[in-house]
Amino acid sequence: MAFTILDGDTFTSTGAGVKIPLPSSADYFHTWNITQMPLAPATAVVIEGEWFGPKFGAGASAANDGLRLKKSNSTNVLVKDTFATATASNGFTYVTTSPVVEAQAPNAITGITAANPAVVTQTNTYSDGDLVRIYNTTGDLTIGGMVFQISSSSSSGYTLLGLANIAGNGLDAATAGFTRRVSKFAAVEPEFMYITNISKANQAVVSTSVDPSFYYAVGMKIHFSVPKSFGMSEISQMTGTILAINAVGASGNIGAYNVTVDINSTAFTAFAFPVTDLSPSAQLFATFSSQGAQTSFNPVTLVQTGYDFTKQPFRTGQFTPYMFLAGGAQSPAGASGDIINWISYKLER
Amino acid sequence: MLGITNIQNMAPELPLQFSEDLLSTPQFNLIHSFGCDLHFADAYIGKTTRMSRYERLSTEGGQLDGSGVDPAPEVVVRTDVDATTEIFAKTVVINEQVTLFENDKVLTKFTALLGQWLREKEDLLMRDLYASSVSYINAVGGGGGDQPSLIGAGDVNNIERILLGNDARTMLATNEAADLFGTAPTRDAFIALCSTDLAADLQAVNGVVLKNIYPHQEGLRPEEYCSISRFRFFVSSKANKIPGASLLGNTIYTIPMYGLEAAAKIEQNGYTSILGYRPPYVVSSVGQNSQLYAKFALARAITNQNWLSGLNVTAST
């Protein structure tokens, strides 16, 4: 048998793009727009799409491309061409690695400003949401080795929403350093997270260097590891339950990425990074990691917490290949309300 | 003497002979399941295994003052640790011409390879659990000028302090002193797992007791390297390391250090190691290819972060 059908299904389009996980990969992918198939639509609506994988060599489909079968100019005349053909429309994109997985060469930064939040100056090709490990910093040595999520990225720099108020958190601005882009997901999730601040409050607000909402959910328990060099060592080895995620706006020393926990930290020593002069003798880093979950049910609000099975269980965090179907009437994922059938195939050679 | 046909004028029909004794297939030390709890998941009830722990009750108060007022009841807290069972597989397809023309008994040999893959893959999956989901503290006491530093005795003692402070239990028994020159007893110990790249640095740690100095050698595993403070160190070439992650951009080695019930490995009943064979008439329409496969199901979880900590270190060489 030359081809094996791996998987297939149907969905109703919302007009937006659709990601279809393909854990066993695919060599050929086919879509049918069941809704538009019998109609004579007013525009060049795509009724079938085909994608060919790398095994087809020179005939393989490029990113955001593939073959489309469309109805032309409100007639039932069928035209077959590629999505890239004028008038071009978005097609298939087969994603085998996460956009942030690739291990990249070191990239020099020219500074991390003391703005709130911190701004990195660097010629780069990163995208919002990417995770970068900052190292070999000068000016501030105590963040060297930490991983941060970036936002407001441009070719000349980006913002670290997870690093608020450098001075207030005991840090210095950095004048140089390097970054590498790292995987967005660890080999096993939920992964440990770097802490950039802990507020003194009845319900402590814990700022993190990356967005915790990707990895943690309300109701999960977290276990703190905070060396004495960070001040608030009283919280070290304590376990707290997450009450809210990113619910507290960035303010003062608190970053935009944060979790609120049921630990009263008002009497604790203030949290602060060790001064850069103490590197490399100061113990690093302040982190927290998953300590299970505690189930609760509020009969008034009817809210159940601690049952988020997409984030709570320990599981493989490695990236799963997927096919991205662009949305829209002239793309494989169709317009809102369209019923789309899809089948993925594997070539047996 | 002329006229004799011998091996000097007649080449052998076969260009070489094959030794029946195969050379060893390299296998790295499988250390990452040491000391973890083994649980089993039953079939037909989902792929998530829940392990639960009742947290101890508060010891504050409790005295009856004679007023007749009952003490406030305490709500019991249960912590749930969930783990998702996942299936991993490897397959080898063999063309008939391999055995017809070139090799003998490859099914047996390749089956042994798949068996080795089963255990190696399982070991790496457990390694990844320790690498991803545990908080580590950078070593600072070993010198080297980087952040983290090389491993130092103070760093190891700090982890012991953390584990003891969290009421963690050791899992290896005391190696009692013996009346033998040059030997040193070891205390009951926690487990530490690290890379073979750290062998030289381990030897340099103040107070290290190398394995050969233990008073008794019976029952020691070949993967064990030394004892430092309350930890027995086991090494593997595949232990976790993070390239380019130190302050100076050097490789960081993570050393998970833990006591009893810190982590769990959950095996699916009836699916822990499946080896299979698909004959040529199934795999190939002309019966030329056969197939061997191995697969297993596994879930893993950190069951108590209080009893698990560890160090980030750099290496001297």
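**View 1. Salt-bridge network in chain B.** In this predicted model, a network of salt bridges links Arg50(B), Arg78(B), Asp80(B) and Asp82(B). One of the links pairs Asp80(B) with Arg50(B), where the closest N and O atoms sit 3.4 Å apart. Asp80(B) belongs to strand β3 (residues 78-84) and Arg50(B) to strand β2 (residues 48-54) of chain B, so this pair ties together parts that are 30 residues apart in sequence. With a relative accessible area of 0%, Asp80(B) is buried, while Arg50(B) is partly exposed at 29%.

**View 2. Arg300(B) and Glu86(B) joined by a salt bridge.** Here the closest N and O atoms are 3.5 Å apart. This pair links distant parts of the chain: Arg300(B) comes from strand β14 (residues 289-302) and Glu86(B) from strand β4 (residues 86-95) of chain B, 214 residues apart.

**View 3. Lys80(A) and Glu50(A) joined by a salt bridge.** Over in chain A, the closest N and O atoms of this pair are 2.5 Å apart. Lys80(A) is in strand β6 (residues 78-82) and Glu50(A) in strand β4 (residues 46-52), so the bridge ties together parts that lie 30 residues apart in sequence. How accessible are the two partners? Lys80(A) is partly exposed, at 48% relative accessibility, whereas Glu50(A) is buried at 11%. Taking the whole model, the count is 19 salt bridges over all chains, and the Lys80(A)–Glu50(A) pair is one of them.

Note on methods:
Residues numbered from 1 in each chain as written. Chains lettered and ligands numbered in written order. Predicted model: local features only at pLDDT ≥ 70, side-chain atom pairs only at ≥ 80, totals over all residues. Heavy atoms only, no water. Salt bridge = Lys/Arg side-chain N within 4 Å of Asp/Glu carboxyl O. Helix = DSSP H or I, 4+ residues; strand = E, 2+ residues; numbered from the N terminus. Buried < 20%, exposed > 50% of the residue type's maximum accessible area, 1.4 Å probe, protein only.
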